[in-house]
Amino acid sequence: MIKLIKISKSFNGQKVLNELDLDIDPEEITVIIGQSGGGKSVLLKHIIGLIRPDSGQIIIDGVDIANLNDKKLTETRKKFGMLFQDAALFDSMTVGENVAFPLKEHTQLSGKEINKIVNDKLNLVGLDNITHKMPSELSGGMRKRVGLARAIALDPKIILFDEPTTGLDPIMRDSIDRLIVSIQKRTKATFVVISHDIESTFMIAHKIAMLYQGKIVAVGTPDEIRSSNNSFVRRFIKDLKAGVRDQGSGVSSQESGVRAC
Ligand SMILES: Nc1ncnc2c1ncn2[C@@H]1O[C@H](COP(=O)(O)OP(=O)(O)O)[C@@H](O)[C@H]1O
Ligand SMILES: [Mg+2]
């Protein structure tokens with residue numbers, strides 16, 4: 001469904017992604033986990049075509065989007081829903097208008113049909129009777145829910161989440177995690193979630209991909225990752241638990257022997 005082949009990207013001479021390979025299977029939740037500043041958002045923006053790689057291929061449903069022109073890229077982007085790190089709601093629009101936005105942009109549906117979808121999606125994320133509210137009146141968790149309702153408005157086949165629970169308290173985090181799992185079960189869409197939270201990752205992932213020094217260094221199910229004897233994987237988890245932010249924490253990818261998948 002999504003295949004990244006030898007993706008490299010540098011900013012101002014700094015290599016953020018380094019011949020990164022990753023296969024993302026359809027109809028399941030893949031969590032890409034890595035430390036802060038490690039290139040997770042950059043990777044996600046490549047998948048949706050907001051950033052072009054310096055080299056490599058990004059195959060979405062059999063099409064390489066790395067070299068598509070802007071018009072074709074816009075077409076491809078309709079397959080995606082995206083929940084940005086800060087929910088990215090339009091502050092001057094009501095909740096209802098926010099969720100309706102992609103439907104107005106990309107479909108010919110009538111106002112009545114759009115209203116029905118808006119109510120259905122808000123209901124799905126556990127929000128009722130708030131279409132008239134402004135984003136500024138909402139809590140952080142509710143804003144994320146509205147962002148999620150907007151991301152699924154067009155019933156996309158692929159939904160990308162950039163750190164959906166960062167900045168939320170533990171109770172709110174768990175409720176958003178549960179929502180992600182239940183919506184994926186219902187929609188059977190392909191979910192790609194970026195995280196630096198190992199607990200959250202174990203809770204929601206079907207597959208976990210570890211990003212380290214610009215490469216995916218290990219891929220596995222939560223059980224495989226949790227029970228791995230590989231010293232690199234164990235160290236990676238330990239560092240994430242400790243909240244280590246320094247990329248050069250002494251873990252060497254050579255030491256690992258874990259294959260990039
Ligand atoms: N548009 C950009 N221009 C220049 N540097 C960027 C840009 N986007 C990201 N970077 C740099 O790439 C690195 C990875 O960033 P990012 O993907 O946001 O990390 P994270 O894993 O925390 O999401 C950082 O050093 C960041 O400063
Ligand atoms: Mg980020």
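Mentor: Start with the make-up of the shell around ligand 1: three nonpolar residues, six polar and one charged. Here Ala, Val, Leu, Ile, Met, Phe, Trp, Tyr, Cys and Pro count as nonpolar, Asp, Glu, Lys and Arg as charged, and the others, Gly among them, as polar.

A word on the source. This is a predicted model, in which local features need pLDDT of at least 70, side-chain atom pairs count only at pLDDT 80 or more, and totals for chains, interfaces and linings use all residues. Residues are numbered from 1 along each chain as its sequence is written, while chains are lettered from A and ligands numbered from 1 in the order in which they are written.

Now the names. Around ligand 1 you find Phe11, Val16, Gly34, Ser36, Gly37, Gly38, Gly39, Lys40, Ser41 and Val42. A residue is near a molecule if its C-beta atom, placed from the backbone, lies within 6 Å of it. Helix H1, residues 40–47, gives the most to this shell, with three residues. Helices (H or I, at least four residues) and strands (E, at least two) are DSSP runs, numbered from the N terminus.

Look at Lys40 next. Lys40 sits in helix H1. It is buried, with 21 other C-beta atoms within 10 Å. The cut-offs are these: buried takes 20 or more other C-beta atoms within 10 Å of the residue's own, exposed takes 12 or fewer, and partly exposed falls in between, with C-beta atoms placed from the backbone. Beyond its neighbours within four places in sequence, Lys40 is in contact with Ile32, Gly34, Ile194 and Leu211. Contact means C-beta atoms, placed from the backbone, within 7 Å. Leu154 is another matter: 114 residues from Lys40 along the chain, with 25 Å between the C-alpha atoms.

Turn to the core. The largest nonpolar core has 65 residues, and Leu160, Val193 and Met210 touch the most other members. Such a core is a set of buried Ala, Val, Leu, Ile, Met, Phe, Trp, Tyr and Cys residues joined through C-beta atoms within 7 Å. Val193 touches Ile29, Val31, Phe161, Pro164, Ile180 and Ile204, leaving out residues up to four places away in sequence. In soluble globular proteins, nonpolar side chains tend to be buried together.

Next, a sheet. Four strands form an open, antiparallel sheet in the order E2-E1-E4-E5. Strands E2 (14–24) and E5 (63–64) stand at the edges with a single partner strand each, so one side of each has no neighbour in the sheet. Strand E1 (residues 2–11) and strand E4 (residues 55–60) pair over five bridges. Pairing requires at least two DSSP bridges between two strands. One bridge joins Ser8 to Ser55 in E4.

Check the loop between E4 and E5, where Asp61 lies. Asp61 has a positive phi of about 50 degrees, though it is not a glycine. Most residues other than glycine have a negative phi. Asp61 is partly exposed, with 13 other C-beta atoms within 10 Å.

Now step back. The protein has ten helices and ten strands. Its radius of gyration, taken over C-alpha atoms, is 19 Å, close to the 18 Å of the globule rule (2.2 Å times the number of residues to the power 0.38) for 261 residues, so it is as compact as a globular protein of that length. Of the 261 residues, 37% count as buried.

Notes:
Two residues are in contact if their C-beta atoms, placed from the backbone, lie within 7 Å.
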